[in-house]
Amino acid sequence: MAAAVPAPIVARVAQELALGPAAVAQTLALFAEGNTLPFIARYRKEATGGLDEVQLRDVRDRAQYLTELEDRRAAVLQSIAEQGKLDDALKAAILAADTKQAVEDLYLPFKPKKRTRATIARERGLAPLAEAIWAGTLDDAAALAAAAAYVAADREVPDADAALAGARDILAEQVADDAAIRGWLRETMRAQGQVTSTVIKGKATDDSKFRDYFEFREAVTTIPSHRMLAIRRGEAEGVLVWRIVIAPEAVLPRLIREVVGARRAVQVLTQVATDAWTRLLATAIEVELRVELKQRADAEAILIFGRNLEQLLLAAPAGSRAVLGLDPGFRTGVKVAMIGATGALVSTDTWYLHQEDRFAHQLLAAVRAHAPSLIAIGNGTASRETEALVKRTLRALEGEKPQVVVVNEAGASVYSASDVAREEFPTLDVSLRGAVSIARRLQDPLAELVKIDPKSIGVGQYQHDVNQSELARTLEAVVEDCVNAVGVDLNTASPPLLARVSGLTPSVASSIVRWRDAHGAFRNRQQLLEVAGLGPRTFE
């Protein structure tokens with residue numbers, strides 16, 4: 001949020017979150033200046049009144065929603081005013097709407113539409129008939145009699161029944177556009193609706209990963225995010241069709257009562273209410289709730305992915321200890337990388353599991369030559385076989401033996417082919433870089449994993465199905481939180497790790513490393529001001 005947040009929004013955020021208005025105003029001002037959340041949480045506590053990261057995030061997100069709401073409200077008011085249809089009652093209702101959905105419901109009757117059955121009926125001059133029926137002056141017989149006056153071949157109204165049908169189309173659209181009706185129908189469908197999924201004909205197989213959802217039904221209110229994500233993936237892969245359904249008797253009786261009211265054309269208006277529900281409202285509200293369920297499932301899943309990533313990043317580091325990294329494989333062999341206590345690459349090799357004696361000889365030679373205190377084995381294909389052979393071989397070793405640890409290798413292949421890996425090891429084969437990553441992530445998980453796109457670290461089963469921009473934003477925030485919580489060593493941190501420090505960009509992080517390479521270790525923080533591109537604001 002670049003611009004200053006208006007005072008009414010500040011006041012509302014403070015009230016809703018039970019926070020002091022001054023603290024909220026200061027917090028939003030800091031965000032507007034471009035400060036990151038971890039920076040504000042750690043270094044501006046005096047300005048925010050000590051708000052923690054969760055509170056800061058809530059303040060930022062709620063203010064953003066309310067700002068978007070006010071922008072949309074203004075656009076809607078302007079659009080209706082330009083149509084010459086904005087009266088005091090409608091303006092008051094739009095100004096009182098407290099959600100984006102409520103504003104859209106009120107705008108719906110005035111929103112430019114494609115050509116509909118109601119549009120065609122109006123073009124045929126049937127609006128006065130619809131208005132007379134809605135006014136309550138006509139009963140069913142009188143409505144049919146009045147419809148006869150609208151018969152006109154040139155307007156494609158061949159008889160009274162056709163005229164009456166056109167009037168019903170106009171009224172059905174009017175009912176479907178009514179904000180109050182849509183509101184309670186949405187709430188009813190949300191509370192009583194059910195998610196159903198069925199298998200597409202010819203797609204049912206016993207080994208399908210979606211077989212649990214071939215004939216599935218669960219309440220909208222209780223379906224968890226992982227089931228919703230699985231159903232959506234099944235739909236995306238052309239295996240399932242899913243819907244949100246509700247029994248007509250749960251909504252139609254009330255809808256008919258509201259549409260008929262004290263009006264006299266009971267039969268005509270009962271048909272109007274039924275048509276409005278079956279043809280217009282049921283589908284429209286289902287679409288809205290499908291989007292709502294997607295957003296809810298995405299939010300829950302992204303929250304879980306964030307927690308998983310945080311646990312992975314903040315796993316206890318082995319520290320400055322020499323590590324032998326093994327990236328298992330059958331056909332292409334086990335890729336080997338010996339890493340020194342500082343993380344520097346010492347040597348690489350490839351060993352083959354099917355050559356057990358030779359593998360054992362090479363392993364013992366490496367252990368005797370480099371004395372690693374840890375052996376890190378990736379948990380991918382051939383991991384168990386590699387671990388078993390390594391442990392069997394180490395039994396023959398006298399004295400202190402290195403500890404064998406199986407490491408999560410998710411994202412190692414992504415790192416291997418990345419620009420970061422090419423810059424670090426320009427002459428090293430891509431397949432060997434993965435072994436380096438596996439060894440280093442045992443030494444310091446955080447320092448190594450920040451080099452990899454968070455989505456590639458394997459933090460959840462459905463990370464490619466959720467809102468990608470929101471997932472990226474959340475996971476990047478988790479990485480930044482973790483780095484700033486732990487801190488970095490200015491004289492050893494890599495550019496990717498430095499880039500996660502609040503206020504530092506990738507280019508400034510690279511400049512810091514270049515300065516360090518040229519001038520040696522930093523002796524004090526003031527020397528940072530000598531780095532190209534790092535000004536007083538960033539230094540702060």
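Trainee: In this predicted model, does Glu258 count as buried, partly exposed or exposed?
Mentor: Glu258 has a relative accessible area of 38%. Buried would need under 20%, and exposed over 50%. The value lies in between, so Glu258 is partly exposed.

Trainee: Which residue meets the side chain of Glu258 in a salt bridge?
Mentor: Look along helix H14, residues 252-260. The N to O distance is 3.0 Å. The partner is Arg254.

Trainee: Arg254 lies over the face of which residue?
Mentor: Arg254 is partly exposed, at 35% relative accessibility. Its distance from the ring centre is 3.9 Å. The ring belongs to Trp184.

Trainee: The charged end of which residue sits over the ring of Trp242?
Mentor: The distance from the ring centre is again given as 3.9 Å. The charge belongs to Arg290.

Trainee: In which helix do Lys391 and Glu387 both lie?
Mentor: Their side chains meet in a salt bridge, 3.0 Å from N to O. Lys391 is partly exposed at 38%, and Glu387 is partly exposed at 21%. The two are four residues apart, about one turn of the helix. That helix, residues 383-394, is H17.

Trainee: What is the N to O distance between Asp419 and Arg422?
Mentor: Both residues lie in helix H19, residues 419-424, three residues apart. Arg422 is partly exposed, at 40% relative accessibility. Their side chains meet in a salt bridge, with an N to O distance of 2.1 Å.

Trainee: Which strands stand at the edges of the open sheet of three strands?
Mentor: The order is S2-S1-S3, with antiparallel pairing. Each edge strand has a single partner, so one side of each is left without a neighbour in the sheet. From one strand to the next the twist averages 15 degrees. The edge strands are S2 (215-219) and S3 (240-245).

Trainee: Which residue in S3 is the bridge partner of Gln194?
Mentor: Strand S1 covers residues 194-199. Six bridges join S1 to S3, and the two run antiparallel. The partner of Gln194 is Val245.

Trainee: Which helix packs on the sheet, touching S1 and S3?
Mentor: The helix covers residues 266-313. Its direction makes about 110 degrees with that of S3. The helix is H15.

Trainee: How is the ring pair of Tyr213 and Phe216 classed?
Mentor: The structure holds three aromatic pairs. In this one, the ring centres are 5.2 Å apart and the planes stand at 70 degrees. Tyr213 is buried at 10%, and Phe216 is buried at 14%. Planes over 60 degrees apart meet the cut-off, so the pair is edge-to-face.

Trainee: And how is the pair of Trp515 and Phe522 classed?
Mentor: Trp515 and Phe522 are both buried. Their ring centres are 4.4 Å apart, with planes at 20 degrees. The cut-off is under 30 degrees, so the pair is stacked.

Trainee: How far apart in space are Asp444 and Val508, C-alpha to C-alpha?
Mentor: Asp444 lies in the loop between helix H20 (430-443) and helix H21 (445-449). Asp444 is partly exposed, at 34% relative accessibility. In sequence, Asp444 and Val508 are 64 residues apart. In space, the distance is 23 Å.

Technical notes:
Residues numbered from 1 in each chain as written. Predicted model: local features only at pLDDT ≥ 70, side-chain atom pairs only at ≥ 80, totals over all residues. Heavy atoms only, no water. Pairing = 2+ DSSP bridges. Axes fitted to C-alpha atoms, helices over the stretch in contact; angles between N-to-C directions. Contact = heavy atoms within 4.5 Å. Salt bridge = Lys/Arg side-chain N within 4 Å of Asp/Glu carboxyl O. Buried < 20%, exposed > 50% of the residue type's maximum accessible area, 1.4 Å probe, protein only. Phe/Tyr/Trp six-rings, centres within 6.5 Å; stacked < 30°, edge-to-face > 60°. Lys NZ or Arg CZ within 6 Å of the ring centre and 35° of its normal.
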